[in-house]
Amino acid sequence: MLQWYESNAHSDAQDYSRSGVVIWPLQRAPDSVWRHEAAELLHYFQQMLEPDTTSQANIDTIAAISTPPGRGGIGIVRLSGPEAASIAVQLVSLRQPLEHGRARLADVLDDADSKAVQAEGARIDEALVTFFATPNSYTAEDVVEIAAHGSPVVLELLLRRALDKGARLAEPGEFTQRAFLSGRLDLTQAEAVRDLIEAQTLTQARLAASQMGGALSRRVAPVKQSLVELIALLEAGVDFAEDDVDVAPQAEIALRIGTLTPPLTALEASFARGRIVHDGLSLAIVGRPNAGKSSLFNRLVERDRAIVTATPGTTRDTVTERISLDGIPLELVDTAGLRESLEEAEQLGIRRSREALADAALVLVVLDATQALNDEELRLLEAVQGRPALVAINKSDLSEFCTPGGEIAGISALPTSALSGEGIPALRERILALATGGAASEPGMLTSLRHHQAIATTLSALADAAQANANSIPHEMILLDLYRALWALDSLTGQTTSDDILNLIFSTFCIGK
Ligand code: GDP
């Protein structure tokens with residue numbers, strides 16, 4: 001049986017201080033409320049509050065080359081599992097016994113079974129072997145890392161020997177999956193490991209590192225705690241129903257649900273920025289030939305990447321370059337100028353430009369300040385109406401172009417000169433604002449669609465619970481909505497995530513991580 005009290009209210013009840021929920025030991029629960037469902041619920045809560053630590057029994061030892069394929073200064077073969085150390089000592093000839101957290105020198109010998117460097121040429125490489133004893137390792141299992149010189153031949157030899165001695169080749173992401181299964185990392189932290197490896201800008205790396213440190217989990221934890229408390233309160237009410245005890249008045253439930261939603265709504269909103277920092281955006285630079293698209297592209301890229309000529313129609317294909325704008329990865333696409341053309345190569349370029357224009361998240365329309373708007377440009381401005389777009393009125397060094405209200409055809413416009421550089425910092429700022437929609441960076445932002453869906457489901461379940469409560473629906477039914485909210489929240493950190501989803505997540509890792 002489970003009863004809900006304020007923390008520390010009863011010294012003989014078990015205090016899960018992390019959650020603020022107090023759970024009575026089963027044997028001390030009052031007889032009148034000793035019920036099977038309550039015991040099941042207690043079991044659920046206990047599991048939820050104290051994630052299982054997997055024992056090392058029945059787990060095989062995995063091995064992989066953890067450094068990228070190809071040659072490098074060093075290369076690492078990593079082993080994890082109960083046999084990691086006993087297998088490792090058979091792969092190399094150690095000069096000292098393994099000790100937790102210490103790097104040991106070893107010789108990689110031609111013949112794995114010979115224990116010493118007997119003859120000239122018997123040694124293939126010299127390696128550093130580091131042992132991490134369970135549970136103080138990346139996977140929380142015994143881990144051995146053998147750092148040899150980064151020759152693929154030597155690394156493959158070591159890996160083959162490990163497999164011969166009983167290790168199994170690791171699946172992609174299996175080391176991190178083991179860290180998750182042992183409870184050392186939650187799911188958001190495990191996903192952050194992959195994000196950190198894949199980071200292309202420092203901002204992405206920082207974001208991944210903070211998520212790896214548990215920033216997102218910490219943001220969700222107090223909400224989950226309050227939700228568990230509310231569930232416990234209602235469960236207690238259901239148990240006491242026959243005794244006519246009203247433990248949770250309608251107003252109290254409404255108030256409690258009301259306090260759960262704002263932090264989740266804020267979290268959901270953080271996806272606007274988190275998503276673009278994580279995934280990046282593309283910006284298509286479009287306009288008539290000779291407006292200065294390539295020159296602006298080069299300015300934004302900060303080097304001469306696209307060809308600039310005074311002859312219209314010379315950009316025949318799209319040119320793409322990735323830049324980082326305040327840490328946000330932005331893929332710039334310079335396109336061929338849009339105009340009627342009879343020439344085949346130019347026509348092809350123009351078709352590609354239209355495709356790039358259709359695909360891009362953001363559009364920069366480049367106009368020439370010295371020229372009046374032509375039909376093609378009017379059509380273009382009409383086509384990007386309603387999309388995140390900006391107009392650069394280029395060649396502002398040659399002509400003043402008047403833009404009433406800073407807009408052209410309802411699209412925000414600003415003067416630039418790719419030649420003098422005037423207006424370029426303002427252009428960067430406007431592109432950034434367009435990309436982020438004004439959303440600021442904050443700790444523990446949602447970065448993946450999976451996280452966003454979990455929070456959206458939690459919010460919708462809470463809205464259903466609030467509605468049910470307002471309609472005086474019995475508590476058993478409100479509880480169903482609250483459990484749905486709890487499960488969605490739990491799927492974020494991985495406490496109730498199905499195997500299919502887990503496999504999908506970890507399969508996107510590289511081998512050896
Ligand atoms: P695109 O065809 O739209 O890519 O235009 P380009 O970038 O190739 O530029 C066409 C011509 O305009 C080149 O001769 C550039 O030097 C010139 N140009 C580009 N931007 C400016 C600018 O801001 N001011 C001036 N005066 N000339 C520019």
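Figure 1. The predicted model holds two aromatic pairs, where rings of Phe, Tyr and Trp (its six-membered ring) pair if their centres lie within 6.5 Å, and planes under 30 degrees apart count as stacked, over 60 as edge-to-face and the rest as tilted. Phe180 and Phe506 form a tilted pair, with 5.9 Å from centre to centre and 35° between the planes. Phe180 belongs to helix H4 (residues 174-181) and Phe506 to helix H16 (residues 499-507), so the pair ties together parts 326 residues apart in sequence. Helices (H or I, at least four residues) and strands (E, at least two) are DSSP runs, numbered from the N terminus. Phe180 is buried at a relative accessible area of 10%, and Phe506 is buried at 1%; buried means under 20% relative accessible area, exposed over 50%, partly exposed in between (1.4 Å probe, protein chains only).

Residues are numbered from 1 along each chain as its sequence is written, and side-chain values use heavy atoms, with hydrogens and water left out. Because this is a predicted model, local features need pLDDT of at least 70 and side-chain atom pairs count only at pLDDT 80 or more, while totals for chains, interfaces and linings use all residues.

**Figure 2. The seven-stranded open sheet.** The strand order is S5-S6-S7-S8-S4-S3-S9, with mixed pairing; two strands pair if DSSP finds at least two bridges between them. Strand S5 (93-94) and strand S9 (168-169) are the edge strands, each pairing on one side only. Five bridges join strand S7 (residues 123-132) to strand S8 (residues 143-150) in the antiparallel sense.

**Figure 3. The largest nonpolar core.** This core has 32 residues, and those with the most contacts inside it are Leu227, Leu234, Ile455, Leu462 and Leu482. A nonpolar core is a set of buried Ala, Val, Leu, Ile, Met, Phe, Trp, Tyr and Cys residues joined through side-chain atoms within 4.5 Å. Helix H7 (215-239), helix H8 (250-269), helix H14 (449-470) and helix H15 (475-493) each supply at least two residues of the core. H7 gives the most, with nine residues.

**Figure 4. Surroundings of Ile455.** Neighbours within four places in sequence aside, Ile455 is in contact (heavy atoms within 4.5 Å) with Leu264, Leu267, Glu268, Leu446, Leu489 and Leu492. A second, separate core of 31 residues includes Val277, Ile285, Ile328 and Leu427.
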